Amino acid sequence: MHIVDTTLFYAPHSGGVKRYLHEKRRCLTRMDGLTHTLLVPGTSDALIAGGIATLACPRLPGRAGYRWPLRLTAWRNALLALAPDVIEAGDPYLPAVASAEAAAQLGVPAVAFAHSDLPRLLGHYLGTPGVRGAEAWLRRLYSRYDAVLAPSQVIAARLAAAGIARVGVQPLGVDAEAFRPACASADLRAELGLPARTRLLVFAGRLAAEKNIPMLRAAVRRLGAPYHLLLVGGVAARRLDGHTTMLPYEADTARLARLFASCDALLHAGTQETFGMVVLEAFACARPVVAVPAGALPELVDASVGVLARAATAEALAEAIAALYACDRIALGAAARARVERDYAWPRVIAQQLVFYRALRQQSRIAAVAAGLAL
């Protein structure tokens, strides 16, 4: 079986979607009888079946280096040339339109993975008209797909409420071999110029507006010493103030795992998370998580593995941080690691996807036979 994933959410400094795709490739390429191709924007056209294929696209302004596809015909033709058995589109834009068209021509299943919350994004900028327009677009687009996957219950519910059918939940995962408690280093605080007794909290990811970084900083500032926040995802390493240190975006998994495992807990104030892969990475390192009750975060963070703040405010977040240090953090971390091993290790997640893909292919074959008999 040849599986093709395509998306524009792929750039040098992109986050969860890129990690998902790389981990998916890593798992699938180890399995007999499976071929995986990733089709993404790049600097040139390079159609590599079984590898990372690219189509030339102009670069968008911004540090992450995203590129925006403009050539619908070229994208569709690339998918046709790859001749997959299943196509998964990871965005609701041009690659998704091309995927639906190519799948229809090839007679293969098309799966849409709703990694982003487009209605909420447009609603932020355009208000109610933006929400309604985005929902109408998604209804038209996803009606052409055999199935729509959401990474969390909250996104699945929003899609269903928008009138989108055939929605299923497919959680993402984590590399439990790379992210593990043994990655911890007792030297991190000294390297950061912090006292050994520092209560060190970490957040890693795109430092975008929806991540609410000012809220994180304000919460730690409220608590004062010995609390300190480590932000991973900036341009350069620097001390922002007496309570916050910034490190550059970290693409190396081993170094990122060391940072997570060497801190006391992950701190997350994002209100628009469609899943929260960084939470799983902290869990895999046996680190509890303090988060706000918004987006998909409450589906991952509960009292057995961390502390959920009572509200998405700096004051409530500070209270939750203080509450964490009144708990048995070792026990919380151990429970978090156990949850990852049971439910979220990538081989388990991808195996679930393969079962789903094979069922779709079987349905497609049955439908094709029925159509032939009807003729």
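Is Glu88 buried or exposed? Glu88 is buried, with a relative accessible area of 1%; buried denotes under 20% relative accessible area, exposed over 50%, and partly exposed in between (1.4 Å probe, protein chains only).

The model is predicted: local features need pLDDT of at least 70, side-chain atom pairs count only at pLDDT 80 or more, and totals for chains, interfaces and linings use all residues. Residues are numbered from 1 along each chain as its sequence is written, and side-chain values use heavy atoms, with hydrogens and water left out.

1. Glu88 forms a salt bridge with Lys24, with the closest N and O atoms 3.1 Å apart (a side-chain nitrogen of Lys or Arg within 4 Å of a carboxyl oxygen of Asp or Glu). Glu88 lies in strand β4 (residues 86–89) and Lys24 in helix α1 (residues 16–28), so the pair ties together parts 64 residues apart in sequence. Helices (H or I, at least four residues) and strands (E, at least two) are DSSP runs, numbered from the N terminus. Lys24 is likewise buried, at 1% relative accessibility.

2. Asp264 forms a salt bridge with Arg189, the closest N and O atoms being 3.0 Å apart. Asp264 occupies the loop between α9 (253–262) and β12 (265–268), and Arg189 helix α7 (residues 188–191), so this pair ties together parts 75 residues apart in sequence. Both Asp264 and Arg189 are buried.

3. Arg158 forms a salt bridge with Asp117, with 2.4 Å between the closest N and O atoms. Arg158 is partly exposed at 30%, whereas Asp117 is buried at 16% relative accessibility.
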